[in-house]
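Subject: Structure for your files

Dear colleague,

Here is the structure I said I would pass on. My notes follow below it.

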Amino acid sequence: MKKNFYKCNGCERKFGRKWNALRHSRSIHSSASEIISNNIKPKTSYISNNKYNRFQKKFDILNKAGIEIYNEYDENMSDIFDIDEKDFKIIKIIDQLIKPFTELEDLLSRTDPKTRAFVLTRSFDQSLRSLNPVEAMNEMVELLCSIKGIKKIAKYRSMIATTSSLDPILETKEKIKNSYLFGR
Ligand SMILES: [Zn+2]
């Protein structure tokens with residue numbers, strides 16, 4: 001894979017990350033220099049340029065606040081978001097998926113980190129293969145929530161169980177099956 005660079009035409013300095021180059025241009029050249037990249041992207045329309053500027057301002061806020069907006073996993077990889085057309089879509093998709101993802105993470109908070117990572121990553125990847133990833137992620141939340149829920153209900157039932165009692169999970173399911181809600 002070829003390495004992307006972003007060059008400042010004010011002083012010829014090269015940067016691995018667009019954000020660093022833009023920050024350099026702002027602080028050293030008061031934004032009077034231009035950042036040139038070897039990473040050729042499709043021309044953006046007027047509308048997407050507007051979007052670009054809007055997001056750029058928001059990146060500025062995060063940057064000033066000291067929030068890390070770089071790829072922390074690999075120095076040589078691209079910035080987290082390059083704010084091109086594809087990244088706009090990705091931002092929107094992540095925005096929708098991160099809610100059920102975080103709910104899932106919370107539900108797994110007492111699970112060991114490796115298992116949690118496995119379930120979260122697999123659920124995320126699998127949801128992306130479905131037609132409605134948000135719904136697919138929510139279904140995983142629902143499933144895990146119900147597994148934990150029936151165990152909780154059954155635990156209380158087992159505390160008052162008599163010797164003739166059924167398995168508390170089975171008994172809970174039987175109660176539900178006989179309910180008005182189930183038959184509706
Ligand atoms: Zn420069």
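Does C8 count as buried or exposed, and why? The model is a predicted one, and in it C8 counts as buried because its relative accessibility is 0%, where the cut-off for buried is under 20%.

C8 is also one of the residues that hold the zinc ion. Its SG atom coordinates the metal together with SG of C11, NE2 of H24 and NE2 of H29, at 2.0 to 2.3 Å. The angles among these four donor atoms run from 101 to 124 degrees, and the site is tetrahedral. For reference, the ideal angle for four tetrahedral donors is 109.5 degrees. Along the sequence the donor residues follow the spacing C-x2-C-x12-H-x4-H.

As for the protein overall, it has seven helices and three strands. Read from the N terminus, the order of elements is β-β-α-β-α-α-α-α-α-α. The protein has 184 residues, and 26% of them are buried. Of the contacts between residues at least 6 apart in sequence, 52% join residues at least 24 apart. The accessible surface amounts to about 13,900 Å², with carbon and sulfur atoms contributing 57% of that area.

Regards

Terms used: Residues are numbered from 1 along each chain as its sequence is written. This is a predicted model: local features need pLDDT of at least 70, side-chain atom pairs count only at pLDDT 80 or more; totals for chains, interfaces and linings use all residues. Side-chain values use heavy atoms; hydrogens and water are left out. Donors are N, O and S atoms within 2.8 Å of the metal (3.2 Å for Na, K and Ca); water is not among the atoms, so sites may look incomplete. Four donors count as tetrahedral if all angles lie between 85 and 135 degrees; four count as square planar and six as octahedral if opposite donors are over 155 degrees apart and all others between 65 and 115; anything else is irregular. Buried means under 20% relative accessible area, exposed over 50%, partly exposed in between (1.4 Å probe, protein chains only). Helices (H or I, at least four residues) and strands (E, at least two) are DSSP runs, numbered from the N terminus. Contact means heavy atoms within 4.5 Å. Accessible areas come from the Shrake-Rupley method with a 1.4 Å probe; for residues, only the protein chains shown count as cover.
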